[in-house]
Amino acid sequence: MPGRSRPADDPMAADRRTLFIAVLAMIGLVATGVVSAALFTGSACDDIEPTPVARGVADAEVERVVQAAFPDADGALVAAIVAQLEGLTDVLGPTTGAAVVDGATSLVPTDDGFAAVGPQTSLVDRDLTEVLATVDVGSGIVDGSGDTLVSLARVNDLTGQVDAFTGIDARPSSPLTAIGCVDTATVGTPLAFELDAAGGQLLLFRAGEDGDDAEMELRDPREGRVWFARVDVGVAPPGVTGERIDALLGEELAVLVRRTSPVEDTPVVTAVGRDDPGTPRTLGRDAFDEVPTAGGGAAIEVLDEAAPQRLELLALDGERALVAITAARDAGAVAQAGTDELGPSVGPGAVVALDLAAGAATWATPLADGRRVLAATIDADERDRAWLVTDDGGQVEFASVDPDEGPVVLLATASEGDRAAVAHPRGGDQDGTGAPGRVAVVGEVLFVSTGPGARAQQQATGEALSGPLRARDVVVDGDRLVVLFAGPADGAGPGGAGRGLAVGFALE
């Protein structure tokens, strides 16, 4: 019986087997890569979550809190600190309480009190008589105000790029608990750059890896994306753009400013409504032609027609903004200087006031060569007036700038570092007989301005406010003013580095 015939060989069988093996190998490699990424890289969320730690002492009795903050201090030092704080009551109003807030570097108002934020962040009540919670945020950078703060995984201080952010509840009902984390470093996700955080929300710049689809995005940690608005920031890699832009989130507007060059027609200023972005409003270079000089001097050209310039948004109140315009410093120059941050704007240049409703620059004051803007604010009652803290490396000046009066230096003192802050009580008494006018932290000293022309009195007041405690920050919210102090010396003296003391005052 004849045997069975064998089928003819399939000429494609070997190729199919090869293809099948290749597909299996690819699937295995992809699976291995995914598992390895999950195991060995992880999410940046893991490093920025708030972890509860022991709360500091708080009390209406300030001396008790001082003793708790600096337990190794002798009686003479405690008495000197208490005397320093009692001296402040003569110009700020009576103390409401004090709280130990170790690890804090700055202050922000919340809906029901204040937060002392830093590597350790503390939530305190409005009178500073109770620390509601304290958390360690690991490598997170804490920002924000209102009912929610944010802890950011900032991976580049120069550009503001963040890989993740988590909301932190600032309500007394669930103080400093995590709301949820968003990982912005996943494949296919637009890059994220922090612009500002305020009023319980976070403002981001988003763009693809090639710089396309640039937009401002407003996010609510509880609700997610609120809106996005396309913005024209020129053509550049997103990291370069992140270095070149600056923005603030106000109650009415989100405003972005951008480095400008004579050969570009990209908008210099972009304003978007906070409640309804609509169509962004923009200002071009022509809005800065022939700006009136504060004090009635001749109009000046604030934009250089031969070189690029940096714009830094100093303050935003309603539809009024304050911008510093100085020579541009690119990433290469910053790296050569040995720093990761652009730092304060340095003259020559100008500080310019903007009326965003009118789309115009209303006044400018020149910024001398080598003078840096450390802090600024817009007057809460007279929005045409600004308050500036500047430094030329030898002398710090605290000045009032009015469109009619021009700049008036209220205080001049020796430089004491790059730290500065300005607070502005609404309706403050300006004649020196009642509540304070404007308050500033300059270097590590706290000053109070009782009026634009009270130079001699202001200098005397500044001397009276000196003492063992070093001012770190100051914030005003309604009828409460809070000052954050550090101990007598970083790393030495009572408490050592990281000691923080927040003191509340009732503005009269």
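**Figure 1. Surroundings of arginine 285 in the predicted model.** Leaving aside its neighbours within four places in sequence, arginine 285 is in contact with Thr260, Ser261, Pro262, Glu264, Val268, Leu303, Asp304 and Glu305. The structure shown here and in the views that follow is a predicted model. Arginine 285 belongs to the loop that runs between strand S19 (281-283) and strand S20 (291-293). With a relative accessible area of 14%, arginine 285 counts as buried, because the cut-off for that class is under 20% relative accessible area.

Figure 2. Strand S18, which spans residues 269-273, is mostly covered, as five of its five residues are buried. Val269, Ala271 and Gly273 lie on one side of S18 and Thr270 and Val272 on the other, and with these residues all buried, both faces of the strand are covered. In a regular strand, the side chains alternate between the two faces of the sheet. Strand S17 (residues 253-258) runs antiparallel to S18 and is joined to it by five bridges, and within this pairing alanine 254 stands opposite valine 272. S18 also pairs with S19, again in the antiparallel sense, over three bridges; here the bridge partner of alanine 271 is arginine 281 in S19.

Figure 3. Strand S1, made up of residues 51-52, pairs with S7 in the antiparallel sense over two bridges, and proline 52 stands opposite valine 135 of S7. Strand S6 (residues 120-125) is likewise antiparallel to S7, with five bridges in that pairing, and glutamine 120 is placed opposite aspartate 136 of S7. S6 and S7 form a hairpin with five residues between the strands, and in this hairpin leucine 128 takes a positive phi near 60°.

**Figure 4. The open sheet formed by S26, S27, S28 and S29.** These four strands follow the order S26-S27-S28-S29 in an open sheet, and their pairing is antiparallel. Strand S26 (372-378) and strand S29 (406-414) are the edge strands, each of them pairing on one side only. On average, and with direction ignored, neighbouring strands of this sheet are turned by 20° against each other. The strands of a sheet pair through backbone hydrogen bonds, either parallel or antiparallel. Between S26 and strand S27 (residues 386-391) there are six bridges in the antiparallel sense, and the bridge partner of isoleucine 378 is alanine 386 in S27.

Figure 5. A search of the whole structure finds one cavity of 30 Å³ or more, and the volume of the largest cavity is about 60 Å³. Rolling a probe the size of a water molecule over the atoms shows where empty space is left. The residues that line the largest cavity are Arg320, Ala321, Leu322, Ala353, Leu354, Thr362, Trp363, Ile378, Arg383, Asp384, Arg385 and Ala386. Strand S23 (320-327), strand S24 (349-355) and strand S25 each supply at least two residues of this lining, and S23 gives the most, with three residues. By class, the lining of the largest cavity has seven nonpolar residues, one polar residue and four charged residues. Isoleucine 378 and alanine 386, both in the lining of this cavity, are also the bridge partners that link S26 to S27.

**Figure 6. The second largest pocket.** This pocket has a volume of about 170 Å³ and is lined by 13 residues, of which Pro366, Arg371, Leu388, Thr390 and Glu397 lie nearest its centre. Strand S25 (360-367), S27, strand S28 (395-402) and S29 are the elements that give two or more residues to the lining of the second largest pocket. The lining divides into nine nonpolar, two polar and two charged residues.

**Figure 7. Overview of the protein chain.** The secondary structure of the chain comes to six helices and 35 strands. Of the 508 residues in the protein chain, 51% are buried. Among contacts between residues at least 6 apart in sequence, 52% join residues at least 24 apart.

Technical notes:
Residues are numbered from 1 along each chain as its sequence is written. This is a predicted model: local features need pLDDT of at least 70, side-chain atom pairs count only at pLDDT 80 or more; totals for chains, interfaces and linings use all residues. Side-chain values use heavy atoms; hydrogens and water are left out. Two strands pair if DSSP finds at least two bridges between them. Axes are lines fitted to C-alpha atoms, for helices over the stretch in contact, and angles run from 0 to 180 degrees between N-to-C directions. Buried means under 20% relative accessible area, exposed over 50%, partly exposed in between (1.4 Å probe, protein chains only). Contact means heavy atoms within 4.5 Å. On a 1 Å grid over the protein atoms alone, a cavity is a set of points where a 1.4 Å probe fits but cannot get out, and a pocket is an open set with protein on both sides within 12 Å along at least five of seven lines; lining residues have an atom within 4 Å of a point. Grid points are joined across faces, edges and corners, and a volume is the space filled by probe spheres set on the points. Ala, Val, Leu, Ile, Met, Phe, Trp, Tyr, Cys and Pro count as nonpolar, Asp, Glu, Lys and Arg as charged, and the others, Gly among them, as polar.
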